[in-house]
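My notes follow in the order I looked things up.

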Amino acid sequence: MAATGAGSPRRLVQYVVVRSDLVHKLSWPLGAVITQACHAATAAIHLHYGDADTQRYLAELDSMHKVVLGAPDEAALTSLSESLTQAGVAHKLWIEQPENIPTCLALKPCPKETVQPLLRTFKLFK
């Protein structure tokens, strides 16, 4: 990926954070967990559809960039959601219904450098 020069638009990324314990400890099927991530990503884009970064992200349809990170458990995921809310970072915490289980969250598309410090403790989902 080419470096972004001065004056050029920043690369947008949509972060999705998924509870890894759903697969590794609670034995959810991988497909079900992927579905949760899809729900959260779609919901975050829908909720922030009018946002300028979201519109630019959607305009670059063939070069969308997503990063999927793993949260170790429900407590880590809900704590991250609270931290993002306090920092003013728009996101959607997906709560699977009717079970009422927080499964993942997705940020609205945004420049990587603006949110990476809040996500640095989370590793790529495996």
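I started with T103, which is buried, because its relative accessible area is 0% and the cut-off for buried is under 20%. This is a predicted model, so I checked confidence next: the chain averages a pLDDT of 93, and 93% of the residues score at least 70. I set residues 1–5 aside, where the pLDDT is below 50; beyond near neighbours in sequence, that stretch has three contacts in the model.

Back to T103, which I found in strand β4. I listed what it touches, leaving out residues up to four places away in sequence: V17, V18, R19, L22, W28, Q36, L77, W94 and E96. With Q36 there is a side-chain to side-chain polar contact of 2.9 Å.

Q36 took me to helix α2, where it is one of the buried residues; V33, A37, A40, A41, A43, A44 and I45 are the others. The helix runs over residues 30–47 and reaches 26 Å between its first and last C-alpha, close to the 26 Å expected. I then looked up what covers its buried residues, and the cover includes β1, α1, α3, β2, β3 and β4.

Last, I looked at the nonpolar cores. The largest has 18 residues, and Y15, V17, L105, L107 and L119 have the most contacts inside it. Two or more residues come from each of β1, β2, α4, β4 and α5, with α4 giving the most, four. I checked V17 too: its contacts beyond four places in sequence include L69, L77, L80, T103, L105, L119 and F122.

How values were computed:
Residues numbered from 1 in each chain as written. Predicted model: local features only at pLDDT ≥ 70, side-chain atom pairs only at ≥ 80, totals over all residues. Heavy atoms only, no water. Expected span 1.5 Å × (residues − 1). Buried < 20%, exposed > 50% of the residue type's maximum accessible area, 1.4 Å probe, protein only. Contact = heavy atoms within 4.5 Å. Polar contact = N/O pair within 3.5 Å; in protein donor to acceptor, adjacent residues only side chain to side chain. pLDDT = per-residue confidence, 0-100. Core = buried A, V, L, I, M, F, W, Y, C linked by side-chain atoms within 4.5 Å.
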